[in-house]
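Subject: Structure for your review

Dear colleague,

Please find below the structure that I am handing over to you, together with its sequence. My notes on what was found in it follow directly after.

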Amino acid sequence: MKLCELFGQGRTVFSCEIFPPKKDAPVDSIYQTLDGLKDIRPDFISVTFGAGGSSGLNRSTHEIASIIQNQYHIHAMAHLTCVGASQADVDTLLEQLKEDGVENILALRGDVNPDYPPKTDFKYASELAAYIRAHSDIGVSAACYPEGHPESPDLVSDVRYLKEKVDAGAQHLVSQLFFDNEDFFRFLERCRIAGIDVPIEAGIMPVLSAKSIQRMVSLCGASLPQKLTRILARYGDHPQALREAGIAYAIDQISDLIAGGVDGIHLYTMNNPDVAKQIAGSVTSIRTL
């Protein structure tokens, strides 16, 4: 099933993101994460993409997507980046995914890894999305940025570039993390005015560590609202208290987003199924209202 077909059925789509194990860990170490996530019955699980070195593709991304699809019987979406894949790599991956019954790709530009020279066949995610749509029948998703991509000159230009990705073939969008729902609702309004009518999922990352969230914010350009800043100031030196406050904040965010009629919630799990289950358990009852 193409992920875009999950939407418009009278309920909020709920999905999760995981990442492959570290290079020195076996790929089957991901089973512990997946065993925990299967209990919350996400509509789909996406698998992030890492640099694959001289061989190009990160094989564990494809393998994990196949495991999710065929062993756990949950729809899977494999991430793919322009900087990590040549045209030949994309052709290979499309064939592998087809053989394994994985029907969805998240097309990204990606960040350059200094350890691996970037591939240059595709410069932008819109080019990658267009190529995939032209050479396969796989579902194509793309990323979006409620507060604007860090490299965009302004919010108007950012939505214009996003429209190019949708026009190129992206059928579904997943947002970068954000912590102020008003930023997301304003972003949705800009998208709809611009004629972007594909489903847009809100990306939510629970704050579990002051250090890690500050690093993520610096990378993606998200802002920290006053309420969250106060939480970090008060509980930053108390890991368990911050964990509980961060989960509560995420649950409040998700509840408000669902009440606002969002298409879906995409939870950045950081491979922590216990946190995902705690959050999902608190919002499951309101998803179908």
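Two residues are said to be in contact when they have heavy atoms within 4.5 Å of each other, and this is the sense in which packing is meant below. Please bear in mind that the model is predicted.

Helix H4 covers residues 125-135, and its buried residues are Ala125, Ser126, Leu128, Ala129, Tyr131 and Ile132.

Is His79 buried or exposed? Its relative accessibility is 5%. Buried means under 20%, so His79 counts as buried. The side chain of His79 makes a polar contact with the side chain of Ser46, at 3.2 Å. Leaving aside residues up to four places away in sequence, His79 touches Glu17, Ser46, Val47, Thr48, Phe49, Thr61, Leu106 and Leu108.

Strand E8 spans residues 264-268 and is mostly covered, with five of its five residues buried.

Which strands pair with E8? Strand E1 (residues 13-18) pairs with E8 in the parallel sense over five bridges. Within this pairing, Ser15 has His266 of E8 as its bridge partner. Strand E7 (residues 200-204) also runs parallel to E8 and is joined to it by four bridges. Here Ile204 stands opposite Leu267 of E8.

How many cavities of 30 Å³ or more does the structure hold? There are two of them. The largest cavity contains about 40 Å³ of space. Its lining is formed by Tyr145, Pro146, Glu147, Gly148, Gln176, Leu177, Cys220, Gly221 and Ala222. Of the residues in that lining, five are nonpolar, three are polar and one is charged.

Yours sincerely

Definitions and conventions:
Residues numbered from 1 in each chain as written. Predicted model: local features only at pLDDT ≥ 70, side-chain atom pairs only at ≥ 80, totals over all residues. Heavy atoms only, no water. Buried < 20%, exposed > 50% of the residue type's maximum accessible area, 1.4 Å probe, protein only. Polar contact = N/O pair within 3.5 Å; in protein donor to acceptor, adjacent residues only side chain to side chain. 1 Å grid on protein atoms, 1.4 Å probe; cavity = no way out; pocket = protein on both sides within 12 Å on 5 of 7 lines; lining within 4 Å. Points joined across faces, edges and corners; volume = space filled by probe spheres on them. Nonpolar A, V, L, I, M, F, W, Y, C, P; charged D, E, K, R; others polar. Helix = DSSP H or I, 4+ residues; strand = E, 2+ residues; numbered from the N terminus. Pairing = 2+ DSSP bridges.
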